[in-house]
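Please keep the sequence and the three-dimensional view at hand while reading.

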Amino acid sequence: NMSLQLAVSRDGLINFPQLGPISVGGQRYGAVKRELEARIAKQMIGVRASVSMGDTRTINVFVLGEAINPGSYTVTGLATVTTALFAAGGVRPQGSLRRIEVRRQGVLVREFDLYDLLMHGDSSNDVNLQPGDVVMIPSVGPTAAVDGEVQRPAIYELKGPATVANLIEMAGGLTPEADPGSASLLHVNAERQRVVINVEPAAAAAQTQSVGNGDSLHVARLKPIVDSGVLLQGYVYRPGSFAWHEGLKLTDVIGNLDELKPNADQNYVLIRRVLMPDRRVTVLSADLAAALRAPDSPANVALQPRDTLTVFDLQTGRDRIIEPLMLELNLQGSLARPTEVVHVDGKVKVPGDYPLEGNMRVSDLIRAGGGLDPSAFGGHAELSRFTVENGEQRRTHIIAIDLAAVARGDEAANVQLQPFDELSVKEISGWTDQDQVTLKGEVRFPGIYAIKRGETLRSVIARAGGLTDLAFADGAVFLRPELQAREQDQLDRLAERLKTDLASAALMAAHAGAATASTEITVGQSLLAQIKATRAVGRLVIDLNAAIHAAPGSANDVALRSGDQLLVPRLRQEVMVLGEVQSPASQLYDPDLSREDYIKQSGGFTRQADRSHVYVVRANGSVVNGNRHWLVGFGGEPIRAGDTVVVPMNTDRLPSLPLWQAISEILYHIAISTVAVHSL
């Protein structure tokens with residue numbers, strides 16, 4: 001076994017022991033390896049050799065001209081032209097890629113076209129360099145640009161005579177979207193003028209049309225218009241384009257109702273059609289359900305090339321499709337040919353503007369609007385139509401439409417429409433959503449009850465079996481949504497007024513330097529925070545016992561409205577004390593106690609209490625004077641179970657905010673109603 005390290009001499013020879021000198025200069029490593037292994041196996045019987053590459057020697061070469069980093073570079077002895085170009089950082093934008101020269105001792109030994117390597121993978125001219133070789137990159141030669149629908153749009157360097165076909169080939173060929181019959185060449189002629197030459201890239205002329213320095217070729221894109229097809233879009237499972245052929249009909253595109261998504265409008269398919277040669281847009285519609293039932297009938301509309309079919313759904317509006325289409329029709333409108341648009345409103349499922357179709361009738365407009373709503377009055381509708389008399393004055397005419405006759409198929413009643421007609425479908429008298437009220441608490445059969453118009457509380461309680469034995473009728477709470485909305489609006493307004501008064505009070509106190517300003521502002525801000533956090537209840541004060549036994553049509557016979565709620569609590573045995581007392585709480589009812597007694601049991605008045613304005617809120621929400629001692633001579637009434645004694649705050653010491661007393665009373669009343677509601 002031997003390990004030999006053999007160097008290649010300057011004349012390309014290696015001196016192999018026992019075999020003598022072997023010439024390897026100018027050969028590739030793979031060829032030398034195979035030759036040595038074969039020669040050793042042949043001449044040294046029984047010996048096998050493994051040849052590998054050792055360290056290569058280095059040489060110095062020069063990269064000059066339009067290189068990124070021109071200069072002298074040390075490269076391996078196996079380096080080629082591309083190796084030197086990589087070492088120099090590549091070619092500058094103004095450098096030539098097609099005429100790179102290799103000079104050896106001042107003599108041009110090879111011209112290298114980098115396009116051959118980059119575009120075709122041809123490295124035959126990528127020669128090995130020798131010590132002292134010069135790689136010269138000259139300035140770029142003639143160039144031509146190509147853009148548009150080619151694979152590699154760019155500016156390309158020309159080498160010798162070139163044609164349009166050569167330029168497209170350098171650009172990688174045409175894209176699938178390219179129009180092979182449409183390209184334009186911006187050419188600089190002999191008089192140095194720029195002229196445009198129409199060229200067909202796929203024609204033979206492209207092989208002969210010359211391209212010169214500074215020329216620019218643009219390859220056009222195919223028109224996006226489907227010349228021989230129809231487009232289906234909208235509420236379908238498989239939208240897209242369909243091939244057109246003579247005799248193509250609606251059911252050939254939508255073969256059955258399974259193609260539609262749930263809740264799709266089966267009776268109104270909008271078809272946008274472009275009429276040639278002026279490309280005027282027109283609109284027609286089709287009844288898909290009728291076409292599927294009778295494919296040979298006129299309902300199965302024959303389609304034309306470029307038709308666009310749109311299927312709508314019944315849940316959402318149609319403005320996304322209709323509005324752009326109406327804009328097109330408006331732009332086409334003129335005095336001689338007015339805008340072809342009609343309108344339907346009232347009790348149809350999808351009211352709005354719709355394109356006027358040829359021979360369109362009232363039934364077609366109702367079909368476009370999604371059909372009649374269940375609340376529509378089927379007797380008659382009104383069609384508004386205007387005419388221009390003598391080109392000077394517009395007059396409106398009202399035409400009565402018998403919808404029942406239209407539904408029967410009466411041609412005379414099914415009036416043909418004109419531009420700007422408006423159909424109004426009325427609502428059935430008294431048609432509203434079913435009114436309902438809610439009974440809760442101590443009624444025999446609580447729940448939600450449907451009511452008829454004008455029904456009273458007395459009637460509904462009777463239907464609910466009356467009150468239970470434990471019902472506390474005096475404490476019943478009657479809530480009405482309308483009142484809640486109004487009360488909340490009033491609370492919001494009071495909050496804004498209080499906010500304004502606070503700002504004014506702060507400004508006046510700052511100017512006057514009042515010592516109590518800080519206290520007033522603090523109390524006012526506390527009230528403002530409370531009123532903003534308070535939600536209205538919407539309580540209507542009623543006397544439930546009087547309402548139950550009221551005579552029909554009397555003042556106590558409460559008429560109900562949809563959304564009303566009656567909450568009947570159980571019997572109560574407490575009296576609540578709120579406001580400016582030491583310990584606000586509920587006290588056990590004692591008929592022998594007066595208003596002042598209940599206040600004493602709650603700790604008595606605070607320093608801020610207004611003792612002269614104490615009042616009592618009855619369990620039903622009404623406000624009375626509750627001092628039992630005033631029964632004599634003053635018309636006072638005794639305290640009852642379920643009442644609330646309210647001790648307000650004394651606002652006389654804070655004159656800058658006159659709203660405080662009113663706001664505090666409102667807050668107390670809402671708090672009492674809220675407690676009554678939540679007690680159930």
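## A buried pair

Asp643 counts as buried, because its relative accessibility is 2%, and this value, like the others in this report, is computed from a predicted model. Its salt-bridge partner is Arg618, with the closest N and O atoms 2.3 Å apart.

In general terms, side chains of opposite charge can pair when their charged atoms come close. The structure holds 26 salt bridges. One of them joins Glu111 to Lys159, and here the closest N and O atoms are 3.8 Å apart. Because Glu111 is in strand 6 (residues 107-112) and Lys159 is in the loop between strand 9 (154-157) and strand 10 (162-163), this pair ties together parts that are 48 residues apart in sequence. Glu111 is partly exposed, with a relative accessible area of 33%, and Lys159 also counts as partly exposed, at 37% relative accessibility. A network of salt bridges links Glu111 and Lys159 with Arg98 and Asp113.

How far apart are the closest N and O atoms in the salt bridge of Asp489 with Arg493? They are 3.2 Å apart. Both residues lie in helix 12 (residues 481-512), and because they are four residues apart there, about one helical turn separates them. Asp489 counts as partly exposed at 38% relative accessibility, whereas Arg493, with a relative accessible area of 53%, is exposed.

## The largest pocket

Rolling a probe the size of a water molecule over the atoms shows where empty space is left. The largest pocket holds about 1800 Å³ of space. Its lining is made up of 43 residues, and those closest to the centre of the pocket are Leu6, Val8, Ile14, Val24 and Met53. Strand 1 (13-16) and helix 1 (29-43) are the elements that give two or more residues to this lining, and helix 1 supplies the largest share, four residues.

Which classes of residue make up the lining of the largest pocket? By class, the lining has 21 nonpolar, 15 polar and seven charged residues.

Leu6, one of the residues closest to the centre of the largest pocket, is placed in the segment before strand 1. With a relative accessible area of 34%, Leu6 is partly exposed. On the surface, Leu6 forms a nonpolar patch with Met2 and Leu4, and together the three have about 290 Å² of accessible area.

## A contact in the fold around Asn125

Asn125 is found in the loop between helix 3 (114-120) and strand 7 (134-137), and at 26% relative accessibility it counts as partly exposed. The C-alpha atoms of Asn125 and Phe112 are separated by 5.7 Å, although these residues are 13 residues apart along the chain.

Conventions:
Residues numbered from 1 in each chain as written. Predicted model: local features only at pLDDT ≥ 70, side-chain atom pairs only at ≥ 80, totals over all residues. Heavy atoms only, no water. 1 Å grid on protein atoms, 1.4 Å probe; cavity = no way out; pocket = protein on both sides within 12 Å on 5 of 7 lines; lining within 4 Å. Points joined across faces, edges and corners; volume = space filled by probe spheres on them. Nonpolar A, V, L, I, M, F, W, Y, C, P; charged D, E, K, R; others polar. Patch = residues over 30% accessible without salt bridge, like charges linked within 9 Å, V, L, I, M, F, W, Y side chains within 5 Å. Areas by Shrake-Rupley, 256 points an atom, 1.4 Å probe, with all protein chains shown as cover. Salt bridge = Lys/Arg side-chain N within 4 Å of Asp/Glu carboxyl O. Buried < 20%, exposed > 50% of the residue type's maximum accessible area, 1.4 Å probe, protein only.
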